[in-house]
Amino acid sequence: MAAMGSAIGLGNIWRFPYIAYENGGGAFMIPYLVALLSAGLPLLMLDYAVGHRYRASAPLSYRRLHPKAEFLGWWQLCICFVIAAYYGVIIAWAGSYTIFSVTEAWGDDAEGFFMGQYLQVADHVAPGFDFVPQVLVGLALVWVVLLVVMALGVQRGIGRFNVIFIPLLLVMFAAMVIIALTLDGAASGLDALFTPDWSALSDSTVWMAAYGQIFFSLSVGFGIMVTYASYLKRKSDLTSTALVVGFANSSFEILAGIGVFAALGFMATASGVGVGDVVSSGIGLAFIAFPTIVSEAPLGGLLGVLFFGALTFAGFTSLISIVEVIIAGIQDKLGLGRLAGTLTVVIPLAAASLLLFPTTTGLNLLDITDAFVNNFGIVAASLVAVILLSSGLSALPGLRDHLNAVSAFKVGRTWMIFIGGVAVVVLGYTIIGQMTTVLAEGYGGFPTWYVMTFGWGMAIALVVISVIVSRIPWSKRSRGAQPSPALPVLDPGVDQKYLKGGLIPTLTSSAVVDGTPWSDRDSDKEAAAEPWAGAEPTETGPAEPAATREEGTR
């Protein structure tokens, strides 16, 4: 449920319908399904394998896999920090609009109300501190609720919230879709969405759009699924869980497409224009187009409450997963308890969010931050991760074996080819294309100094910070000073620094179950330090036994 809550977010509702419409309509379902099977599910299983095998947050899981891979986890954690800071304000908007829907507070001018009266968007782009009271209060409420949920912990907080609100989200959105389908013109909207343009299948950009949508909507490459998988029990069926999450996410996207385009068809019919003239995505769809539909539709108030309520819940469940990545990483690094770790993360994160985004210039900052953290943060981090795990460290065979040891649905060479081949090509093509476009044309008409500071500057800063933090030694009170439940992936020819002197620990019988190295997160608190935590390794002792053990494990 928690993984589904992470995957089902704002992008499912306001991004997928537009992407499908723009890229072949019904024909888009073919590249979309291919992308799900060849990249989305394999990468989701990869995240599950890393988190479940090494039983820790993203930074510590990658550190346990190989000491030099730790920076990947911190990179993902930094990305989550940036996303969480602006994601909360969108949830605050959706929550406010849930209330506004009752009275249709936007009147006859939804765009003017949103940009002017509600957000009070300034004419200049330079960040300022002219706060918008109604947005500030809504955002503060989001952070207070989040603090309570996260402080309650994984089971009582995250688990219980998702068990209640994911079914509620599905019921609310299904009800919204049913109402939308009864509106005049709904059929024309569905025709516009699902009528196939088979010529689009020969266009490479359509295929890249499909891979991009799958990649972003499944929450792979954020560190989220690594963290969530680390909480699962030893016998958890990882690959079957990944299949359920993947297909549930895609099913919700198709449901969202039906509901949104049925409503857009009604809007087009009422306005006497074509569906293509009213189609939009993102913030424009949610806060401008949909309020207009609510104003004109029968039962419009109910339709608005269901739509914006679903948007609020979808966003909040995703925000929970994003912040959990940060809390888990900080807990592991500093050796903090749940409450202390939550306060250490949420208070400064909420302060940054409240300082930057509920202002008259917050929308511009949100726009550029979202674009660069996705295109040059998540994509770049995922590309480096799949290259490092597949080619640099040759970790895929061991991770494949771990998946097969606990799962009913087995993976093999094809899974490794999808990750080391298809994923690398798709991610590389995506980031090169995005980088070429932005360097040549700039972004969004923003001034060059603004793009360089809050776009490129932010993206580069995330990498620098992750490398610096990965060089900070783990203290003896941290979970990094406890033994890994599985052996790292070390090469006898390259990693002599770690292999010499018997530095790979002989795991105790309590850490090996049924021949598989294992240690529950709650039971390894009293164990000894990892061999490479703190002091430099010594050069004494034979290397052969450690190398032999490592080769046997691999």
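Author: The lining of the largest pocket has 24 nonpolar, 20 polar and 3 charged residues. This is a predicted model, in which local features need pLDDT of at least 70 and side-chain atom pairs pLDDT 80 or more, while totals for chains, interfaces and linings use all residues. Numbering runs from 1 along each chain as its sequence is written, and side-chain values use heavy atoms, without hydrogens and water.

The largest pocket holds about 1500 Å³ of space. (A pocket is an open set of points on a 1 Å grid over the protein atoms alone, with protein on both sides within 12 Å along at least five of seven lines; a lining residue has an atom within 4 Å of a point.) Its lining counts 47 residues, and those closest to the centre are Arg15, Phe216, Asp370, Asn374 and Asn375. Helix α17, residues 362–392, gives the largest share of that lining, 9 residues. (Helices are DSSP runs of H or I, at least four residues, numbered from the N terminus.)

Stay with α17. Its axis and that of α6, residues 70–103, come within 10 Å and cross at roughly 150 degrees. (Axes are lines fitted to C-alpha atoms over the stretch in contact, with angles from 0 to 180 degrees between N-to-C directions.) So α6 and α17 are roughly antiparallel to each other. (That word takes angles over 145 degrees; 65 to 115 is roughly perpendicular.) The residues of this α6–α17 contact are 19 nonpolar, 3 polar and 1 charged. The crossing of α6 past α17 is left-handed. (The near helix is turned anticlockwise from the far one by less than a right angle.)

Helix α6 also packs against α15, residues 300–334. Here the axes lie 7 Å apart, at an angle of about 155 degrees. The pair α6 and α15 is therefore roughly antiparallel too. Their crossing is left-handed. By class, the α6–α15 contact has 20 nonpolar, 11 polar and 2 charged residues.

The structure holds 5 cavities of 30 Å³ or more. (In a cavity a 1.4 Å probe fits but cannot get out; volume is the space filled by probe spheres on the points, which are joined across faces, edges and corners.) The largest cavity has a volume of about 80 Å³. Among its lining residues are Asp47, Tyr62, Gln76, Phe215, Ser382 and Leu389. Two or more residues come from each of α4 (29–54) and α17. The largest share, 4 residues, comes from α17. By class, this cavity lining has 8 nonpolar, 3 polar and 1 charged residues.

Now α4. Its axis comes within 9 Å of that of α5, residues 58–65, and the two cross at roughly 80 degrees. Therefore α4 and α5 are roughly perpendicular to each other. Asp47, Val50, Gly51 and Tyr54 of α4 make the contact with Ser61, Tyr62, Arg64 and Leu65 of α5. (Contact means heavy atoms within 4.5 Å.) These α4–α5 contact residues divide into 4 nonpolar, 2 polar and 2 charged. Asp47 and Tyr62 belong to this contact and also line the largest cavity.

Terms used
Nonpolar A, V, L, I, M, F, W, Y, C, P; charged D, E, K, R; others polar. Parallel < 35°, antiparallel > 145°, perpendicular 65-115°, else oblique.
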